[in-house]
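Colleague: I have the model open now. Can you walk me through how the chains fit together?

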Amino acid sequence: MAILRKLLLRALSLIAVVLIVLVLVVVVLGATGFSDRILSSVISEEMRAVRQQLAETIRDPQELERALREQRRELEAFYGLDKPWYVRLPQDVLRVLTLDLGEARTVATAQGSKRIQDIIAERLPRTALLFTTALVIYFLIGVWLGTLLATRPGSKLDRVLSYFAAVSFALPSWWTGILLILIFYFYLGGLLPAGGMYSTPPPEGGLARFLDLAYHAILPIFTLVLVATGPLMYVARTITLNVAQEDHVTFARAKGIPEGLVRRRHILRVAAPPIVTGLILGLVGSIAGSITTEIVFRWPGMGQLYFQAVSGQPDESLIVALTFVYTMLYALARFILEILYLILDPRVRY
Amino acid sequence: MESVLKVILSSGVGRAGLALFALLTGISVYVLVSYPLDYGSRVWYNPAVWADNPAVKPPIWAKPGAVPHSVFLQEEPTEVRKASTGERRLYRFEIPHPYEKPPDSLSLTLTEAVYYSRPPLLTVSLTRPDGRSVRLYRYSPPAPRPGEEAPYVRHRDSPHRVDLGADPQVRAQVSAFLRDEYGLRLSANELRGRLMEILFGEPTSPEERGGPAAFRPLPGTYALEVEVTVFDRRDRIGALQAVRGGETFGWMGTDSLGRDLAQGLLFGFPVSLIIGILTSVLATLLGASLGIMSGYLGGRVDLLIQRSADVINNIPGLPLLIFLVFIFGSNLFLVIIPVIVFFSWPGLAIIVRSMVLQLREGQLVEAERSLGATRWRIMFRHILPQVGPYLLAQLIFFAPSAILSEATLSFLGLGDTSLPTWGQILEGAFRTGAVYRGYWWWVVPPGLLIVITAVAFMLIALSLEPIANPRLRRS
Amino acid sequence: MAILEVRDLYLYYETPRGPVHAVDGVSFELPEGSALGLVGESGSGKTSLGLALLRLLPKNVDTYKGSIRLEGRELMELSDEQFRREIRWRKIAMAFQGAMNVLNPVVKVWLQIAEPLLLEKTPRPQARARVEELLELVGLSKDVADRYPHELSGGMKQRVVLAAALVMNPKVVILDEPTSALDVSIQAQIMNLLKRLKRELGLSYIFITHDIALASDLCDYLGIAYAGQIVELGTSEQVLLEPEHPYTQGLLESIPRLRSTRLPSFIPGAPPDPVDLPEGCRFRERCPKAFERCTEMPPLLQGKGAGHEVRCWLLAGR
């Protein structure tokens, strides 16, 4: 039961974090006047359309102006611009929390829906596809290589891969992506696509579509794996090396346990919880990596959407919604890993 | 401090890192001394500076035997002839062109013309190795405005530049040249984009070409002659500059605006080091003082600091970083660095707190306390020195992630546009599609420099692992 | 008859500064059912000796040679695999120093004790029963079986380690500082437990400790280790009552006594650097009785009669 209590506490504190971030975002938008500016520019744009419409029916210029003023007031009330931001924004927070995320201004789904909920529902699986596949691959490779190196510290392979780890920690994922495009798209004559999720036009048929998707996913996933494997491998190696030197390993050997079992049960099993901690610490970097990788490879996921929302004509509702969704996703991923940690390490269960 | 240096020097990794770091620092100091501090706004982002440079050309070492980029400058005429009303001054540019291909471009720039009565007249012609001469271009600076007093100064701040490879006047002249010399009839429009090929070549014979007019390169020495007719002896021409655009440029090539990438890359060194060092120093100071306070003062302060640390630790960095820089603007020192610092301190504060908690129970501190030392004194005299080496290791550990964070923001177009940085050079490259066209010299070096700088710090940090290890022993 | 007979055992480690003489020509006999105490300061090589007997060698071994006979069988001739299968835990078990970190933190206690049994395909219920029996034998309750190490106190962990050492009915148990991390009262409990187990199960012990008083409580024989060598060996009575080696004498004088006005003395200096040992006798630099010959030649272990052996030039006469 203690474990449930612990999980509940963690869940509550992660929910608190999501709330705090949301409030922070909304307060920053409001206090800097950014929210007002964006809303009034939205209203001005709509007013232009309204003016044209009204000009056709109302001939008298004075009457037209009055009607326009009336219209503007209505729009301001509709968008809440008649109230100060600290009145308007709490409603926004509540709205976002109930997952009513509002409408995007320019972005739309393939079906043409501008509801942010629909947009995110369309994009989230794409991001998840990239992110999760990469996570699983680099987790397996990183842990496998790290623990392998720990068995032969100081060997040539160990030294080479330690340097690789340092370099891969320093590799920005976006630059890595650019390099890979340069190599696999430009120099190797379009061996792999430079970006996008499907060829244009996308092939017909389920299997063909899936293969096309996989073909486009190779480079982005490779990028994420290349960048994340090194640090994880290094963490796994150091932890395993530390565990391997602990007394209980000698004790296990003294008991006549065969070397393979010593490795699995008495070294790797013990090293697993701190390795998961390393994975948790690396999660922030992975999320950042997935955003920039999507941008570099024009992968139409959440990261690219966020970039669109911030660059060019900024879209406030989209920014708030995406910051919220990203924080929530991160909290969720963290929570899952923390459950894993609790399962692996009996010491924190009580 | 000394012991930390000893630890770094005791491993090969540490020595490599330190050597690399020294190299980066050396370059940065050189740049800071030799570049103006407002280099970004005055030079890098000023298109006029780069007007004569060829766009997106690779470095000279990448294409041996290519037509180089050459600049010819003359401030005094080669020859002066008296005329009835004034003088004819001749400026002659010898352009050796032993290449089997035309140059990329040919341009002429007039800086400052001062006259007293009528504007001088410039006549530009090209004499080719085969002895043929082509009249290319005529120009007079703008006439006096009503009410303006002599001397009339023109083109002092905005030089007059003419691209001899694209100017319509030149096209018309060349069309006439082809008709008169070779009997070839090509309209000015048909010459669009082919002027260099024609001026630096000769038509192939009819049986050779078979189809439409073609030209073969004509290697040799060309002379670009500018005859300036002045109507008053006192009239003055500041300088004339002829530029033959090369297929290559400088040590690092150019970008799509013709900017010399070598300069931008060099300026990136001090910027990136300052970002790394300043951010990590601030983050370490903040993290350490909050950690020490939290551990030593305990109570509500502790709770507040640890809760905040926990919250910030649970925030996915980049989305919020993008958001904050987007809202508050991308000033490097006022926004970007503080925001990165804001997201960096919690981990350190948590670890330092636990170290302080252990130390606080130590005998030395207890003895001090019984002697009546104040809390602050104990904190800074006894606890800080003990966690010091660890903090130094952390400081070095922070730097690469700060450099990478800034580069990422720059790449997303959120960089500080008053300073050129490697991230921004890459952003420009990516935005203009340099990657898909294989402009490697624009894409590879800035990223490589980011990686090398980050690696220098990483290597030093790796060599400090014996000091920083508590971080890895979390369980 | 001696159950364990060690002759000229050497174990050197390789370090960047040169070889470390951790075990340097050690010989002794352990009669069945008896206890031999190996006493020495830290760094005297006594723990290395324990590891050498179980062939638990670190990666940087430089030299490992000599003869170890168990019940007359030469162990040095066995392959690593044979040694692991037949000797470790089945014949020679070891209760480790620092019980705090000896148990795997993420595996339940009973599985750690039963591990070698389960490896031999003993059915789980049987193994479980054996573990419970052992836990009771070492004075723990059965429900300790399902706990994790971090839920146990230091004394309990030490008992678990003992129980684990007994699971395969070994002939010889090496006890490496089994009580040094414990409170004095718990120390006494463990010592009594060890005595009881020796009596009831007929075990033979090699008791490795820095505490000569503790060793004298349990052991029939005492060996005094110094810088990788044994400097004095004999029955407990011989070593305690007629100590011949100045080092042994020093050790004995350092024990505080209850009914004496004499202050406990101490041995000046520190053990020599194991990489850079002094010429001649290794103890001479700290020895109050050192003379010329001690610097010239290393003394050999000499019999004084009745199995009492001493490595000192004093015995040969000046």
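Modeller: Let me begin with chains C and A, bearing in mind that this is a predicted model: the interface of chain C and chain A has 2 salt bridges by the rule used.

Colleague: Which residue of chain A forms a salt bridge with C:Glu115?

Modeller: That is A:Arg265, and the closest N and O atoms of the pair are 2.6 Å apart. Across the interface of chain C and chain A there are also 9 residue pairs in polar contact, with both residues at pLDDT 80 or more.

Colleague: And which elements of chain C give two or more residues to the side that touches chain A?

Modeller: Those are helix H3 (109-119) and helix H5 (154-166) of chain C, and the largest share comes from H3(C), with 4 residues. Sorted by class, the side of chain C that touches chain A has 16 nonpolar, 6 polar and 6 charged residues.

Colleague: How many residues are in contact there, and what area is buried between chain C and chain A?

Modeller: The contact involves 28 residues of chain C and 22 residues of chain A, while the buried area is about 2200 Å², with carbon and sulfur atoms giving 65% of it. On the chain C side, C:Pro105, C:Val106 and C:Glu115 lose the most area to chain A, together 26% of what that side buries, and C:Glu115 is also the partner of A:Arg265 in the salt bridge.

Colleague: Switching to chain B, which pair of chains shares the most contacts?

Modeller: Of the 2 pairs of chains in contact, that is chains A and B, whereas chain B and chain C do not touch, their nearest C-alpha atoms being 10 Å apart. The contact of chain B with chain A takes 48 residues from chain B and 55 residues from chain A, and the area buried between them is about 4700 Å², of which carbon and sulfur atoms give 79%.

Colleague: How many salt bridges does the rule find across that interface?

Modeller: The rule finds 1 salt bridge between chain B and chain A, formed by the side chains of B:Asp310 and A:Arg10 at 3.9 Å, N to O. There are 5 residue pairs in polar contact between chain B and chain A, again with both at pLDDT 80 or more.

Colleague: Which helices supply the chain B side?

Modeller: At least two residues each come from H8 (299-313), H9 (317-328), H12 (375-411), H13 (422-431) and H14 (440-463) of chain B, and H14(B) provides the largest share, 12 residues. By class, the side of chain B that touches chain A has 34 nonpolar, 9 polar and 5 charged residues.

Terms used:
Residues are numbered from 1 along each chain as its sequence is written. Chains are lettered from A and ligands numbered from 1 in the order in which they are written. This is a predicted model: local features need pLDDT of at least 70, side-chain atom pairs count only at pLDDT 80 or more; totals for chains, interfaces and linings use all residues. Side-chain values use heavy atoms; hydrogens and water are left out. Contact means heavy atoms within 4.5 Å. Buried area is the accessible area (1.4 Å probe) that two parts lose on being put together, summed over both. A salt bridge is a side-chain nitrogen of Lys or Arg within 4 Å of a carboxyl oxygen of Asp or Glu. A polar contact is a pair of N or O atoms within 3.5 Å; within protein, one must be able to donate a hydrogen and the other to accept it, and residues adjacent in sequence count only if both atoms are side-chain atoms. Ala, Val, Leu, Ile, Met, Phe, Trp, Tyr, Cys and Pro count as nonpolar, Asp, Glu, Lys and Arg as charged, and the others, Gly among them, as polar.
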